[in-house]
Amino acid sequence: MPMDRYPPIADHGLVGDLQTSALVSSQGVVDWFAAPRFDSPSIFAALLDHDGGGYFRLAAEQPEGSYKQLYYPDAAVLVTRFMSPDGVGEVIDCMPPNTSRTPSDRHTLIRAIRAVRGTVRFALECRPRFDYGRASHELDLRPEGAAFRAPGITAHLQASFPLERDGHDVRGTVTLSAGETAAAVFTVCDADGAAPAPPTSDGITQQLWEIVDFWQRWVRTSNYRGRWPDMVHRSAITLKLLTYAPTGAPVAAATMGLPEQVGGERNWDYRYTWVRDGSLSVRALLDLGFAEEATAFTHWLRNRLHDHEGKNGEPLQIMYRVDGEPLLTEEILEHFEGYRGSYPVRVGNAAADQLQLDIYGEAMYALSEGREIGLQADYRGWKSVARTLDWLADSWDRPDEGIWETRGGRKDFTYSRVMCWAAFDRGLRLAEEWRRPADTAKWTQARDAILEQVMERGWSEKEQAYVQQYDGGVLDASLLLMPRVGFVGPKDPTWLSTLDGMDRTLVSDSLVYRYDPAASPDGLRGSEGTFSLCTFLYVDALARSGRLREARYTFEKMHTYANHVGLFAEEVGPSGEQLGNFPQAFTHLSLIMAATTLDDALDRQRH
């Protein structure tokens with residue numbers, strides 16, 4: 001069965017080792033993999049350029065038949081099953097988790113194969129293209145395996161069946177009968193890294209079960225007992241897969257360059273840590289009982305505040321690399337054609353230099369939520385928090401680029417002001433609870449001034465709603481977070497009217513758009529689909545406002561837009577297809593937020 005040049009974005013599962021990850025299509029092709037970190041240059045990137053990106057295919061050769069992909073229950077072990085009249089075969093993909101706080105230069109992708117019934121012939125093609133296809137490599141092929149050597153990096157491929165040279169790449173075939181197994185193991189290391197021991201059937205089987213046990217033990221620590229355990233736990237596993245274990249920082253998505261509109265220019269690199277996304281994940285993780293992961297991110301966040309000590313300017317960038325490095329220079333990979341011609345393909349992210357004032361609200365929200373598990377800033381940490389809020393008190397009243405990272409100039413975004421209010425609100429609470437020194441008068445004055453300003457300029461009498469930007473008339477789904485942070489009560493008449501306005505202008509058959517780019521130009525060409533994050537925030541807001549029937553309907557309908565293994569990209573397109581980088585952490589954390597809010601509301605209604 002020939003591989004698709006560009007399979008649907010949703011036609012993939014995710015595996016990872018908590019420092020990097022790989023996408024595997026339902027045809028058995030690894031078409032995205034970067035190492036040694038999420039944000040490292042790619043080794044396989046056929047998803048962005050079929051001819052020049054590189055891929056690793058291991059699949060059953062079947063002229064006719066079907067295939068199916070699934071996860072092992074409660075684990076990040078992916079099974080791709082090939083079914084034909086001659087037999088049934090499986091490819092099992094996984095990566096051994098590395099929970100160390102020390103970054104590793106060695107990362108292993110295990111690809112085990114087995115015949116379940118009949119006779120199955122498997123074919124392997126391994127065609128790495130290092131540094132986004134810009135670096136050439138040499139092949140050293142020996143009976144014990146292949147070594148692909150590129151500047152600064154080596155990848156070893158070892159298989160329990162013969163491999164043969166194909167230019168600077170390798171291929172191989174093996175025929176298995178029912179009950180027989182084989183494996184191919186791809187290991188990335190530094191330039192001088194030695195090859196691991198050749199794979200054996202018993203050794204691979206033991207590793208697979210150890211990986212399953214790791215994930216299932218972790219899921220068992222969840223305290224979620226609600227109505228949707230499969231979706232919630234799959235989202236939790238996905239969030240953990242997208243979190244860099246050495247620092248506790250989650251990336252926004254596993255990929256870069258996947259389009260929000262096929263053929264369009266909205267193609268961004270999401271392999272970095274956004275302060276906003278990570279901060280909101282703290283509440284979602286705590287709701288499930290994953291205190292260790294929530295704690296790790298708050299420490300990462302405090303370190304970013306410490307890094308700014310003695311410096312001028314904004315205390316935080318909107319995003320960083322997973323190790324806290326602030327430099328994210330954006331460049332275009334001109335030699336990549338992009339997914340189905342979606343050019344340009346960008347690496348790095350120029351939005352890191354934008355001013356987005358809402359991040360201070362989310363950061364303080366995260367630090368405040370951590371109180372329930374005893375997270376309390378030490379004296380130095382509190383001084384960093386206090387300096388940040390002192391700076392914000394002098395800096396909140398100015399235009400910014402806003403949560404959606406528009407490239408059409410700075411504006412007075414209502415959501416940014418709301419989250420600045422949340423920053424002062426949480427800061428005042430923490431100062432009182434922790435009995436810490438603070439200029440509470442200044443913070444109180446700023447908090448109250450923001451409230452007055454939003455009520456005067458962020459509310460539209462014409463629309464009878466809170467609007468995207470001051471003195472405008474466009475609604476914006478980011479404001480769905482207003483009740484969650486306490487800026488407005490969930491049953492306040494102004495909020496209920498705003499929710500009605502969103503129903504009319506942003507909601508399409510229960511799916512939610514961010515805003516209308518035609519009515520509020522964002523400096524970019526093209527359109528986009530509905531935002532899955534916004535749909536789950538809509539569920540959260542509906543549940544808080546008592547519209548439980550609509551909330552449950554929207555939530556459960558949204559599940560039908562997940563892919564075959566329960567993963568979501570950033571957007572849902574006009575034909576129900578998934579668009580944007582994949583899978584997206586923000587979507588999965590908002591699913592968890594929506595599920596826990598809706599569960600609580602339904603439980604209260606029942607009583």
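Visitor: What joins β10 to β11, and through how many residues?

Guide: A hairpin joins β10 to β11, through two residues. The model is a predicted one, in which local features need pLDDT of at least 70 and side-chain atom pairs count only at pLDDT 80 or more, while totals for chains, interfaces and linings use all residues. Residues are numbered from 1 along each chain as its sequence is written, and side-chain values use heavy atoms, with hydrogens and water left out.

Visitor: How many bridges does β11 form with strand β12 (residues 153-159), and in what sense do the two pair?

Guide: β11 and β12 pair in the antiparallel sense over five bridges, and R149 has T154 of β12 as its bridge partner. These two strands form a hairpin with two residues between them, and G152 in the turn has a positive phi of about 80 degrees.

Visitor: Why is strand β11 (residues 145-150) described as largely enclosed by the rest of the structure?

Guide: A residue is buried under 20% relative accessible area, exposed over 50%, and partly exposed in between, with a 1.4 Å probe and protein chains only. Five of the six residues of β11 are buried, which means that the strand is largely enclosed.

Visitor: What makes F44 and F56 a tilted aromatic pair?

Guide: The structure holds 23 aromatic pairs. Rings of Phe, Tyr and Trp (the six-membered ring for Trp) pair if their centres lie within 6.5 Å, and planes under 30 degrees apart count as stacked, over 60 as edge-to-face and the rest as tilted. For F44 and F56 the centres are 6.0 Å apart and the planes stand at 45 degrees, so the rings pair and the pair is tilted. The pair links distant parts of the chain, with F44 in strand β4 (residues 42-44) and F56 in strand β5 (residues 55-60), twelve residues apart. Both F44 and F56 are buried.

Visitor: Why is the pair of F44 and F186 called tilted?

Guide: The ring centres of F44 and F186 lie 5.1 Å apart and their planes are at 45 degrees, so this pair is tilted. F44 in strand β4 and F186 in strand β15 (residues 181-190) are 142 residues apart, and F186 is buried, as is F44. Ring pairs link F33, F44, F56 and F186 into a cluster.

Visitor: Which residues touch the most other members of the largest nonpolar core?

Guide: A nonpolar core is a set of buried Ala, Val, Leu, Ile, Met, Phe, Trp, Tyr and Cys residues joined through side-chain atoms within 4.5 Å. In the largest one, with 211 residues, L157 and F186 touch the most other members. The largest share of this core, twelve residues, comes from helix α8 (residues 414-434).

Visitor: How do you know that the charged end of R304 sits over the ring of Y320?

Guide: A charge sits over a ring if NZ of Lys or CZ of Arg is within 6 Å of the ring centre and within 35 degrees of the ring normal. The charged end of R304 sits over the Y320 ring at 5.9 Å from its centre, and that of R234 sits over the ring of Y71 at 3.9 Å.

Visitor: How do you know that the length of α5 agrees with its residue count?

Guide: The expected span of a helix is 1.5 Å times one less than its number of residues. The 17 residues of α5 should therefore span 24 Å, and the end C-alpha atoms are 24 Å apart, which agrees. Twelve of these 17 residues are buried, so α5 is largely enclosed by the rest of the structure.

Visitor: Why is F424 called buried?

Guide: F424 lies in helix α8, and its relative accessibility is 0%, so F424 counts as buried. Leaving aside neighbours within four places in sequence, F424 is in contact (heavy atoms within 4.5 Å) with residues including L389, L392, W396 and W443. F424 and W443 are 19 residues apart in sequence and 5.8 Å apart in space, C-alpha to C-alpha.

Definitions and conventions
Helix = DSSP H or I, 4+ residues; strand = E, 2+ residues; numbered from the N terminus. Pairing = 2+ DSSP bridges.
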